[in-house]
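Keep the sequence and the model side by side as you read.

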Amino acid sequence: MGTPKILILGAGYGGLLTTLQLQKKLNYNEAEITLVNKHNYHYITTWLHEPAAGTAPADHARVSLDGILNKDKVNFVKGTVQAIQPEEQTVTLENGEVLSYDYLVVGLGSEPETFGIEGLKEHAFSIRSINAVRNIREHIEYMFSKFKNEPDRTDYLTFVVGGAGFTGIEFCGELGDRLPELCREFDVDPELVKIYCIEAAPTALPGFDPELIQYAMDVLERKGIEFKIGTPIKQCTPDGVLLATGEEIKSKTVVWAAGVRGNNIVEKAGFEVMRGRVKVDEYLRAPGHENVFVVGDCALIFNEEGRPYPPTAQIAVQEGETLGANLAALVRGDLPQKFIPHLQGTLASLGKGEGIGQVGSKKLFGSTAAMMKKASDLRYLYKIGGVGLALKKVKL
Ligand code: FAD
């Protein structure tokens, strides 16, 4: 092999951290590193619930790749991946360009898992990219303005959030914060606005400590969120949702936040998947493909009890860091390290100054959890862009 070609797909948490590690560890002539991403920026997915509700500008969650990639070491291609051909060791982009590789890293993130619920794909929004959240924010504002012209249409002021997991809860927290401002701006009686958070599982935030769940629900109920727990959505239509109980909620805004599956490009490439995610080995390799590595929401890893880890930014970052170091080792003929996740805790925001968290056996509530979340954001920004980026982006 001449200079090995390392091709990284996706500049999300997993792909970006792999690239930054390679950039740090290798000299410019040791490997040909190419990063392909749809946009020329990285977005902080874990903040997207804020611009979606309109409590922060969308630009706040964008980080220009120009400012963090070293052009002497990384060749950046702004493009959309269409297909991976593992047998030929090539990747095709939407513009027809074909890129070849010796090592491939797949970090293309996720897409909404609709569990076969009729109409969701067609009629529900999802919090998944900068453009998607701009759309949600503008739609919400448009609903308020439309209501002013058709005051009997309370469905314009009814908002349905599907899923009371992490994303659904965080979005409800922000929406609860934004509504008073929208009501003032559009002269709408707050009593007319309804926000439903609908969850099929028997509890909100499955897997969290019951005391933290209760705290989160109490905070959100005070902000006007109405929960329907243990209540599957059966169908989504242009006019709202139909619940398994037979109840129909008329709404022009359904935001689906109840789970993700791996990017469908992975399955289409012929890799073995479970819910679109590749069950990778301890070196993050796709089974049967020595030179294909998968990180982030496209990868599936299991804990010691054989239970899958949920897809999180925390794990994607750790995978990217390990993989970047391993690829540098492989290029130099050294041995790679096994990937072992080190969970540092879980933190969820509930809107301005409010949150919950679990760090080891310690439970965190309210402003303490919110502050810890900011500290964790700061650490991440520092990791990818140094002090400058951390200071520019963090909201105190
Ligand atoms: P992503 O970060 O999604 O990145 C994928 C990249 O691939 C993107 O840059 C995208 O543009 C690019 N891409 C996709 N398709 C193509 C294509 N065809 N061609 C080229 N490029 C493409 N996790 C936590 O740990 N803590 C949290 O507090 C938390 N909060 C969250 C809040 C919200 C609102 C959401 C939506 C998620 C949250 N998560 C959280 C989950 C976390 O964001 C994901 O697990 C994480 O983003 C996965 O990283 P990734 O690298 O796999 O993919």
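Cys-236 is buried, because its relative accessible area is 3% and buried means under 20%, with exposed over 50% and partly exposed in between (1.4 Å probe, protein chains only). Cys-236 sits in strand β15, residues 233–237. Helices (H or I, at least four residues) and strands (E, at least two) are DSSP runs, numbered from the N terminus. Leaving out residues up to four places away in sequence, Cys-236 touches Glu-118, Gly-119, Leu-120, His-123, Ala-124, Val-241 and Val-254. Contact here means heavy atoms within 4.5 Å. Val-254 is 18 residues from Cys-236 along the chain, and their C-alpha atoms are separated by 8.1 Å.

A word on the source. The model is predicted: local features need pLDDT of at least 70, side-chain atom pairs count only at pLDDT 80 or more, and totals for chains, interfaces and linings use all residues. Residues are numbered from 1 along each chain as its sequence is written, and side-chain values use heavy atoms, with hydrogens and water left out.

Now turn to Val-81. This residue belongs to strand β6. Val-81 has 8% relative accessibility, so it counts as buried. Which residues does Val-81 touch, not counting residues up to four places away in sequence? They are Leu-9, Val-36, Val-91, Thr-92, Leu-93, Leu-108 and Ile-265. Ile-265 lies 184 residues from Val-81 along the chain, yet their C-alpha atoms are separated by 8.2 Å.

Is Arg-178 buried or exposed? Arg-178 is buried, with a relative accessible area of 3%. Setting aside neighbours within four places in sequence, Arg-178 is in contact with Ala-53, Gly-54, Thr-55, Arg-137, Glu-141 and Glu-185. Gly-240 is 62 residues from Arg-178 along the chain, and a separation of 22 Å divides their C-alpha atoms.

Next come two helices. Two packed helices are described by the angle between their axes and the distance between the axes. Helix α1 (residues 13–25) and helix α9 (residues 366–393) have axes that come within 11 Å and cross at roughly 45 degrees. Axes are lines fitted to C-alpha atoms, for helices over the stretch in contact, and angles run from 0 to 180 degrees between N-to-C directions. α1 and α9 are therefore oblique to each other: under 35 degrees counts as roughly parallel, over 145 as roughly antiparallel, 65 to 115 as roughly perpendicular and the rest as oblique. From α1, Tyr-13, Leu-16, Leu-17 and Leu-20 meet Tyr-380, Lys-383 and Ile-384 of α9. The residues of this contact divide into six nonpolar, no polar and one charged. Ala, Val, Leu, Ile, Met, Phe, Trp, Tyr, Cys and Pro count as nonpolar, Asp, Glu, Lys and Arg as charged, and the others, Gly among them, as polar.

Now look for rings. The whole structure holds six aromatic pairs. Rings of Phe, Tyr and Trp (its six-membered ring) pair if their centres lie within 6.5 Å; planes under 30 degrees apart count as stacked, over 60 as edge-to-face and the rest as tilted. Tyr-13 and Tyr-380 have ring centres 5.0 Å apart and planes at 40 degrees, so this pair is tilted. The pair links distant parts of the chain, with Tyr-13 in helix α1 and Tyr-380 in helix α9, 367 residues apart. Tyr-13 and Tyr-380 are both buried.

Tyr-215 and Phe-365 form an edge-to-face pair, 5.2 Å centre to centre with 70 degrees between the planes. Tyr-215 is in helix α6 (residues 210–222) and Phe-365 in strand β27 (residues 362–365), 150 residues apart. Tyr-215 is partly exposed, at a relative accessible area of 23%. Phe-365 is partly exposed too, at 27%. Elsewhere, ring pairs link Phe-144, Phe-159 and Phe-186 into a cluster.

Most residues other than glycine have a negative phi. Gln-89, in the loop between β6 (81–85) and β7 (90–93), has a positive phi near 55 degrees. Gln-89 counts as partly exposed at 27% relative accessibility. Phe-115, in the loop between β10 (110–112) and α3 (120–123), has a positive phi near 50 degrees. Its relative accessibility of 46% makes Phe-115 partly exposed.
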